[in-house]
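Hi,

Here is the structure I said I would pass on.

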Amino acid sequence: MTPLAVTAYTATSAVGSGLAAQLDALERARGGLRPNDFGSAPLTCWIGRVDGVEDTALPAALAAWDCRNNRLAWLGLNQDGFLDRVRAARARYGAARVALLLGTSTASIGATEEAYRRLDPDGGMPDDMLRPAIHAPHSLAAFAAAALALQGPCLTVSTACSSSAKVFASAERMLRLGLVDAAVVGGVDTLCDSVLFGFNALELVSPEPCRPFDAARNGISIGEAAGFALLERVEAAPHAPRLLGYGESSDAHHMSTPHPDGLGAELALRDALARAGLDAAQVDYINLHGTASQKNDEVEAALVGRAFPATTRASSTKGFTGHTLGAAGILEATIALQAIEHGLVPGNLGGDTPDPICGAHFAWRNEQRRVNVALSNSFGFGGNNACLAFARAGFAA
Amino acid sequence: MSALRVYVEGIGLWSPQLADFATLRALLAGTTPPAPPPRPAAAVLPPNERRRAPESVLLAVEVAGQAVAMSGRDAASLACVFASAHGDQAITDYMCATLAQAPAELSPTRFHNSVHNAAVGYWTIATGCHAPSTAICARRASFGAGLLEAAGQVLAEQRPVLLACSDIAGSGPLGEVSDCRQPFGCALVLAPQAGAATLARLDFDLQPGADAIDTPLPEPLAGWRGGNPSAAALPLLALLAGRGGRCRLAAAATLGLVIDMERVA
């Protein structure tokens, strides 16, 4: 495919708000997980909670959108000058020529949970929660459309943990067809009881900080994050890093367990490499899905081992941020972009006793090296897989 | 200039009043068709999955199955775009009620069925489909946004795509705010070229502006549209049941999709 320019990007997660905080955490191997202090009856586990969400105030004109997820979205949009970059794109192309495509798994369901905890005596939602827009899964994208004053195509992708990777694919198609001239992509998911107790019910949550690809890993740590990127044609920004390709596939296997042979994950990877015109050996770094669940890590490590030479470095960064679910795609895309920009392969935090299934590809500690091409894997419930390929400006496959 | 042109090869439809697309056609021709059974058959699912599947999955699989059968395509070959404004509201209502009272008792099965892509997940598993699949929403513009996403995939990838859009009725306190009063689902199989199975040709134009409204509908269609966000598809379905014409749907809160339909078969 014709590459696209990633002309701006930003991320906010448990390791901090904005790219500088994220890079600092990666460079110092400083994880952001903490003992669970979320909610009134916290489960015994560790979480990736973002500081300052509760203190974030939405502009008065957007007050009807107030809820934890939209506060985190607003906090995220205010980092790294991202609002100004969107404003400039809107001025340059027109509000109807900029798409807004966001991923989330649970949107603001935390607000619906709260309304159910405080039902009126008649059994209905309390008056302050009678805001239909925040009880719909489109809440995030509709809020962002209002906050960014965009009027082009606007949709929410909600494919569980691949959501905010797949928005890059939708954006590329819209740009290729000439429907828009730029796209704001990204995703936000926040901590809420649904995911904490839900993953706990599935026995997928670790009581300790998650240990991706560790021999003794015992489950995920749930986190929250907001991330955004602005995509434009390369001519608009020849020196910006690039989206080189993407791949999407379905496992057709099971709702909550990956295909045992990584069939769908490999289809997404091959699709991404083919679109990007890349040989596997040209990939310098892969940010893995690496959730620290038994099955995911086993299947994904085997895929890395059979598809890449050991010169391709690989790691999961969920030990830093936790698994941010529908926001994981964009969050880890920004880490892949920082790997390219700063020549940093982040170490696989938490993998102190590597699982023997992991090959020599794994970067257990930080490595300083030039990264021209970086991939990011995102796999979700329902067997929904996505793989993104990024490269530095000027890289020719 | 028409930016987007796709071809319709299959149409699926289900609501408490309409068993399939032929029933809508009969209704618009002036007859009073019999109501379908209360539960969508969802025959594509294996029997054990059909018994266990939540209502939102049955509805989406039913309309998707109808559309694919009409197209004659192999379901495994179709990329999938499944849209729904609310996902499974009965499960969301159950989860929020349980979390408010006894969070540790949350059902793991209902939790994994609560993801917005549950329906497309069950569909791809049942049909052995490894093609890209997505689940999207855009409130009352969910059908239009899904149609734009599906048409984008058809044209950019030059491949046939299955679009399904469905919402079940709301439940509990959530149902009161979502104001979704009865189930409605529909599906289209869209292709980049005309072929033996082609039923109609669609030409799309994007029309920015928040003030333009959706195409007016006669009763009872207007009432059905008011009672379910996925029924925003009805102006296009009504066109497809006739000889041709133009309709306008919302593709986003501030973006209209003007569709010219010409009957081919």
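Below is what I found, going chain by chain and then to where the chains meet.

One thing before you start: this is a predicted model.

**Chain A**

Chain A has eleven helices and 16 strands. Its C-alpha atoms fill a box of roughly 60 × 50 × 40 Å, taken along the principal axes. For 397 residues, a compact globule would come out with a radius of gyration near 21 Å, and the 20 Å of chain A agrees with that. Of those 397 residues, 67% are buried. If you take the contacts in chain A between residues at least 6 apart in sequence, 79% of them join residues at least 24 apart.

One is helix α11 (residues 328–342) of chain A, with 15 residues. Mostly covered, α11(A) has 13 of its 15 residues buried. Just after α11(A) comes A:Gly343, with a positive phi of about 60°.

The other is an open sheet of three strands in chain A, in the order β3-β4-β8, with mixed pairing. At the edges are β3 (34–35) and β8 (222–223) of chain A; each has a single partner strand, so one side of each is left without a neighbour in the sheet. Strand β4 (residues 46–48) of chain A runs parallel to β8(A), and two bridges join them. To find that pairing on screen, look for A:Ile47, whose bridge partner in β8(A) is A:Ile222.

**Chain B**

Chain B has ten helices and eight strands. Its radius of gyration is 18 Å, close to the 18 Å that the globule rule gives for 265 residues, so chain B is as compact as a globular protein of that length. The C-alpha trace of chain B spans about 55 × 40 × 40 Å along its principal axes. Buried residues account for 59% of the 265. Among contacts in chain B between residues at least 6 apart in sequence, 72% join residues at least 24 apart.

**Where the chains meet**

As for α7(B) itself, the helix has 16 residues and reaches 22 Å from its first C-alpha to its last, close to the 22 Å expected at 1.5 Å a residue. 14 of the 16 residues of α7(B) are buried, so the helix is largely enclosed by the rest of the structure. Following α7(B) is B:Gln158, whose phi is positive, near 50°.

There is also strand pairing across the contact: strand β6 (residues 154–157) of chain A and β3(B) pair in the antiparallel sense over two bridges. In that pair, A:Thr156 stands opposite B:Cys137.

**The nonpolar core**

The largest nonpolar core has 241 residues. Those with the most contacts inside this core come from both chains: A:Leu100, A:Ala183, A:Leu231, A:Leu388, B:Leu162, B:Leu163 and B:Leu190. Helix α3 (residues 55–71) of chain B gives the most to this core, with ten residues. Leaving out residues up to four places away in sequence, A:Leu231 touches several others, including A:Leu4, A:Val6, A:Ala171 and A:Leu243.

Cheers

Key
Residues numbered from 1 in each chain as written. Chains lettered and ligands numbered in written order. Predicted model: local features only at pLDDT ≥ 70, side-chain atom pairs only at ≥ 80, totals over all residues. Pairing = 2+ DSSP bridges. Helix = DSSP H or I, 4+ residues; strand = E, 2+ residues; numbered from the N terminus. Expected span 1.5 Å × (residues − 1). Buried ≥ 20, exposed ≤ 12 C-beta atoms within 10 Å, placed from the backbone. Rg over C-alpha atoms; globule rule 2.2 N^0.38 Å. Contact = placed C-beta atoms within 7 Å. Core = buried A, V, L, I, M, F, W, Y, C linked by C-beta atoms within 7 Å.
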